[in-house]
Amino acid sequence: DTNKCICFVCVCVCVCFGGAVGLCFYLGTTFAAAMYILGAIEIFLKYLIPQAAIFHPADIHAGSGAMLNNMRVYGTICLTLMAVVVFVGVKYVNKFASLFLACVIISIVSIYAGAIKSIFHPPEFPICMLGNRTLVRDLFDVCGKTVVVGNDTVPSQLWKNFCSSENSSSAHCDEYFLQNNVTEIQSIPGLASGIIKENMWGDYMDKGQILEKASLSSVDVHGSMETFGFYVSADIATSFTLLVGIFFPSATGIMAGSNRSGDLRDAQKSIPIGTILAITTTSLVYFSSVVLFGACIEGVVLRDKFGDAVSKNLVVGTLSWPSPWVIVIGSFFSTVGAGLQSLTGAPRLLQAIAKDNIIPFLRVFGHGKANGEPTWALLLTGLIAELGILIASLDMVAPILSMFFLMCYLFVNLACAVQTLLRTPNWRPRFRYYHWALSFLGMSMCLALMFISSWYYAIVAMGIAGMIYKYIEYQGAEKEWGDGIRGLSLSAARYALLRLEAGPPHTKNWRPQLLVLLKLDEDLHVKYPRMLTFASQLKAGKGLTIVGSVIQGNFLECYGETQASEQAIKNMMEIERVKGFCQVVVASKVREGIAQLIQSCGLGGMKHNTVVMGWPYGWRQSEDPRAWKSFINTVRCTTAAHLALMVPKNVSFYPSNHERFSDGYIDVWWIVHDGGMLMLLPFLLKQHKVWRKCKMRIFTVAQMDDNSIQMKKDLATFLYQLRLEAEVEVVEMHDSDISAYTYERTLMMEQRSQMLKQMRLSSAERDREVQQYSLVKCLFCTYTVADQQMGSLYSDEEEETIEVLPEKTQMTWTNEKIEAERRNRSNAPENFRELISIKPDQSNVRRMHTAVKLNEVIVNKSHDARLVLLNMPGPPRNPEGDENYMEFLEVLTEGLERVLLVRGGGREVITIYS
């Protein structure tokens, strides 16, 4: 690849930047070809063969339009011929390169020779001035108002141009012509004339302004507009910014060595040396030329763009020695050669970018002829260059390519500086005399020059580069060069994490940072995708979201399964538009894995503060207690870690991201103050388009001795201070007798608990005996299939150790042991009678009564709500009541379609000052 040297440094920072900068460099080189061709055609039509013009101006006032049309026609022909030469073979271009270089060297030498000669014998190129105004020299023969023919004084051609008749009557002449004298001065006074004092300062002009010499006296009167075409005037408005944009392309050839890096034997050594020598040589030539021109040539001639004051001669050519034709011919061949070089280099640059496959739609331009010549890339380059040819004006094309080259140089400097500051291991430049501050200075200068030369072109160029960058980023291109932006991101992330470590976030900055615990099925697919849907609706892409899952087993054996699980979760996160991270852990017990996730997820100050987990569905029907025991254990872990907890129940009925609620309510049942999280969650949900049109209602419960009216007023005031819009309702709960239904529910709960405890006890005893003597396996075939099946995410696959056995256990199987087992089986009816005779505990009855009555009120008020948020009561301190706790939660949420149980983390999460 011959054209990737400039883009390679940028690609080391980021593939997207490298592709964008590479295309900018390609477009700049392509427009440079158009500019060089237009320059060659301008020299051809203005100074070599003016008679070749196809279009001619109707009068002297309309010359620019015809000239632009001529340049379009001849420019298209020249572009076609050059493209054919490049298509035939680059070897022919290389053969002419020496000739073109010789023309450039001879032209430069002739300028210096002419400047030295002007000290002793300045060239004769007089210019004619009317007053202090410069006249177009080829519109008259004699610089005077009258001429002597024989013995008679007759009006000159100049007189005829400014007067309507040939007689000497002054009544029909231009007023300015009559009031001012005609003088003739030398266009090149010479190096020893001291003219540099007048040319030292700038003199920017407006379009159509006549070139005037300030040191000449004149009578300031208005002339006729009909005579405007006889004066030399500015064809465009000039300014420092415009001239910078026009002049800058002359410096882009310095990087020619980088363009042809593939042809160098040792590019790493040759490019730095060659580029520095090119910069030094070019700078010396340009600076010395500017000084010589200002010291030798008259100011009005320097501002004469097409040499109208010196009989259509090239202004620089008038200074050269031995003849102006040296500069004219040299300039023509050098511009043709530069155009050929650009048409040769640009297709190869495009071909290299296409072969890298970082921009998919350019892939076709990576193909070419059998010898590797970029045929399709040459065709596209020719079409883009034709756009520049159709613009036709050099002054408009030059700023365009300046933008693209400046954009390229800007990112090259930025890439070098970033790589140096990050101290990337793969950044090992051979050039020793370098400092990152120089790169930042160069980057700043490039950015400043872009806006100085043309701010609107700069915005367009940056927009094009930005669109290319986003397109490559969207396509997800990855190459073997690596990505330096990743190193920059890591440094920024490290700095931000260290800042977050300073202390906990303020209440006004609090938002739920989620740890979502997911369950996977046997095929490692997410079993409840709506958990991720709910997380995406709650977060809306803001804050931290970590999706975790646990695989039971040994890490050394389950590594592949872990990778597959992570990929499945990431795919589902992308589908549900969840922006966050995924973490899958392997543990011997699922319960231990969940505890690990709760403790270790996140980094530094970027940690979760809220856990989202699913409800253990079907826990009543299963004889296995592991599901709900792991659920309660997770609740206890979040409480111990001071984390908030959210449990979406009936999550399958939650809306997808594509649904829209056009009306409805989000009901908040504020039973216990939990730091305001119940009020914050509906507000966050309403930011998402699914819940946006839902209204918020807040219910609170009052006892008989509470002042309901005052409670409602206080709560409304509190919501107003929080700037939350919600309807407030206070629900009064009357004391009532415990109903038979409540008593029956409590009794059923305790009977079931006692029965399962006995079943688990006998099952544990049998297990221990089976481990010692396999010959009695047939005696205990009453195991249920559920004991061997895969449990939920929140259940352990190991059997719980229930410590209700005697301290001493006889492990020897004897006849007495068998008889005792038979007696236990014969006593089964008596155990059943004991279950029937159980009387429920009064504290359980009271709790069940509260749950039943509160559920009745919630169902009555919120049966049509889109979502119901409830305070989640904490688990009992005594683990023996865990099963009753699950039953209370079931009773509390019975009959509700979508329920979100919320438990605060022990701190305020909303404030009136947020």
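The charged end of Lys 649 is positioned over the ring of Trp 615, at 4.7 Å from the ring centre. Such an arrangement is assigned where NZ of Lys or CZ of Arg is within 6 Å of the ring centre and within 35 degrees of the ring normal. Arg 133 likewise places its charged end over an aromatic ring, that of Tyr 231, with 5.2 Å to the centre. Tyr 231 also belongs to an aromatic cluster, together with Trp 159, Phe 162, Tyr 176, Phe 177 and Phe 230.

The model is predicted: local features require pLDDT of at least 70 and side-chain atom pairs pLDDT 80 or more, whereas totals for chains, interfaces and linings use all residues. Residues are numbered from 1 along each chain as its sequence is written, and side-chain values use heavy atoms, with hydrogens and water left out.

The chain contains 28 helices and 15 strands, taken as DSSP runs numbered from the N terminus (helices H or I, at least four residues; strands E, at least two). Of its 914 residues, 46% are buried, where buried denotes under 20% relative accessible area, exposed over 50%, and partly exposed the range in between (1.4 Å probe, protein chains only). Among contacts (heavy atoms within 4.5 Å) between residues at least 6 apart in sequence, 80% join residues at least 24 apart. Helix α18, spanning residues 530–539, is mostly covered, with 9 of its 10 residues buried; among them are Met 531, Leu 532, Phe 534 and Lys 539.

Across the whole structure, 25 aromatic pairs were found. Rings of Phe, Tyr and Trp (its six-membered ring) pair if their centres lie within 6.5 Å, and planes under 30 degrees apart are classed as stacked, over 60 as edge-to-face and the rest as tilted. The pair of Phe 31 and Phe 404 is stacked because the ring centres are 6.3 Å apart and the planes lie at 20°. Phe 31 is located in helix α2 (residues 15–48) and Phe 404 in helix α14 (residues 394–422), so this pair ties together parts 373 residues apart in sequence. Phe 31 and Phe 404 are both buried. A tilted pair is formed by Phe 44 and Tyr 74, with 5.9 Å centre to centre and 55° between the planes. Since Phe 44 lies in α2 and Tyr 74 in α3 (residues 63–88), the pair ties together parts 30 residues apart in sequence. Tyr 74 counts as buried at 18% relative accessibility.

The search for salt bridges (a side-chain nitrogen of Lys or Arg within 4 Å of a carboxyl oxygen of Asp or Glu) returned 15 in the whole structure. Glu 198, Lys 213 and Glu 298 are linked in a salt-bridge network. Lys 213 lies in the loop between β5 and α7, and Glu 298 in the loop between α9 (267–296) and α10 (299–302), so their bridge ties together parts 85 residues apart in sequence. Lys 213 is buried, with a relative accessible area of 8%, and Glu 298 is buried as well, whereas Glu 198 is partly exposed at 45% relative accessibility. A further salt bridge joins the side chains of Glu 373 and Arg 348 at 2.4 Å (N to O). Both of these residues, Glu 373 and Arg 348, are buried.
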